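Biologist: Can you walk me through this structure? I have not looked at it before.

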Amino acid sequence: MIAESQGQTAQRSRSAMIRPMRPEEATEISRFMLAAFDEFMAQDFDEWGKAGFVKFAAPEALLARQAYGYLTLVAETDGRLAGLIQVRWPSHIIALFVRKEFQGQGIGRALVTEAVRRIEMECPEAEFVTVVSSAHAVGFYQRLGFETVYADGARSAEHGMRLALTSAADPEH
């Protein structure tokens, strides 16, 4: 399981501090997840799918997944929450959201980089980090080295992607 504790040291990227989410931040994070969903993804979902995302992004759901052991990291820039990544054990990204005003500044890259670093430390046997990407984010993941393993023709919104981990290939890691 990917370990996460509130006492872990935070990692700094060029532009953001990456650290575990604090419980009191869940409401704010939920709001910017919903705003990003509405702007970039909602058009690919029917009403049932949209309602499901609202439940998925609810503060209580974020906190429940974190309590269950999901790696839940936030990016903080100039004292503001800029992004979130949540990873289901051992290595599947279930959520990556960056506030609109922080997009294009390396926040998403910093979140993924830190999540991958932690996965490699905690789960050296993991061979891949996987994600089911929205159509909007496919290019972003490709720039990070992810490859598409499937694109669902019936639901063009889904793109299964994976990133090979170096720890799986390095027996000394």
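Modeller: What follows is a short tour by topic.
Modeller: This is a predicted model, where local features need pLDDT of at least 70, side-chain atom pairs count only at pLDDT 80 or more, and totals for chains, interfaces and linings use all residues. Residues are numbered from 1 along each chain as its sequence is written, and side-chain values use heavy atoms, with hydrogens and water left out.

Biologist: Let's start with β5. How many of its residues are buried?
Modeller: Six of the seven residues in strand β5 (residues 92-98) are buried, so the strand is mostly covered. Buried means under 20% relative accessible area, exposed means over 50%, and partly exposed is in between, using a 1.4 Å probe and protein chains only. Strands are DSSP runs of E with at least two residues, helices are runs of H or I with at least four, and both are numbered from the N terminus.

Biologist: And how does β4 run relative to β5, parallel or antiparallel?
Modeller: Strand β4 (residues 80-88) and β5 run antiparallel, joined by six bridges. Two strands pair if DSSP finds at least two bridges between them. Val87 stands opposite Ile93 in β5, and a hairpin of three residues connects β4 to β5.

Biologist: Which peptide bond is cis?
Modeller: The bond between Trp89 and Pro90 is cis, with omega about 0 degrees. Pro90 sits in the loop between β4 and β5.

Biologist: Which residue has a positive phi although it is not a glycine?
Modeller: Asp78 does, with a phi of about 50 degrees. Most residues other than glycine have a negative phi, and most peptide bonds are trans. Asp78 is in the loop between β3 (71-77) and β4, and Asp78 is exposed, with a relative accessible area of 76%.

Biologist: Back to β5. How many bridges join β5 to β6?
Modeller: Two bridges join β5 to strand β6 (residues 128-133), and these strands run parallel. His92 has Thr130 in β6 as its bridge partner. From β5 the chain passes through helix α4 (residues 107-122) to β6, a β-α-β crossover that is right-handed. Right-handed means that, with the strands pointing away from the viewer, the path from the first strand over the helix to the second runs clockwise.

Biologist: What span should α4 have?
Modeller: The 16 residues of α4 should span 22 Å at 1.5 Å a residue, and the end C-alpha atoms are 23 Å apart, which agrees. The expected span is 1.5 Å times one less than the number of residues. Buried residues in α4 include Ile107, Leu111, Val112, Val116 and Ile119.

Biologist: Now charges. How many salt bridges does the structure hold?
Modeller: It holds eleven salt bridges. A salt bridge is a side-chain nitrogen of Lys or Arg within 4 Å of a carboxyl oxygen of Asp or Glu. Side chains of opposite charge can pair when their charged atoms come close.

Biologist: Which residue does Glu114 pair with?
Modeller: Glu114 forms a salt bridge with Arg118, and their closest N and O atoms are 2.7 Å apart. The two residues are four apart in helix α4, so about one helical turn separates them. Glu114 and Arg118 are both buried.

Biologist: What about Arg162 and Glu147, how far apart are they in sequence?
Modeller: Their side chains meet in a salt bridge at 2.9 Å, N to O. Arg162 lies in strand β8 and Glu147 in strand β7, so the pair ties together parts that are 15 residues apart in sequence. Arg162 is partly exposed at 28% relative accessible area, and Glu147 is partly exposed at 39%.

Biologist: Which residues are linked in a network of salt bridges?
Modeller: Arg19, Arg22, Glu25 and Glu76 are linked that way.

Biologist: One more on β8. Is His159 buried or exposed?
Modeller: His159, in strand β8 (residues 159-164), is buried, with a relative accessible area of 16%. The C-alpha atoms of His159 and Ser134 are separated by 6.5 Å, although the residues are 25 apart along the chain.
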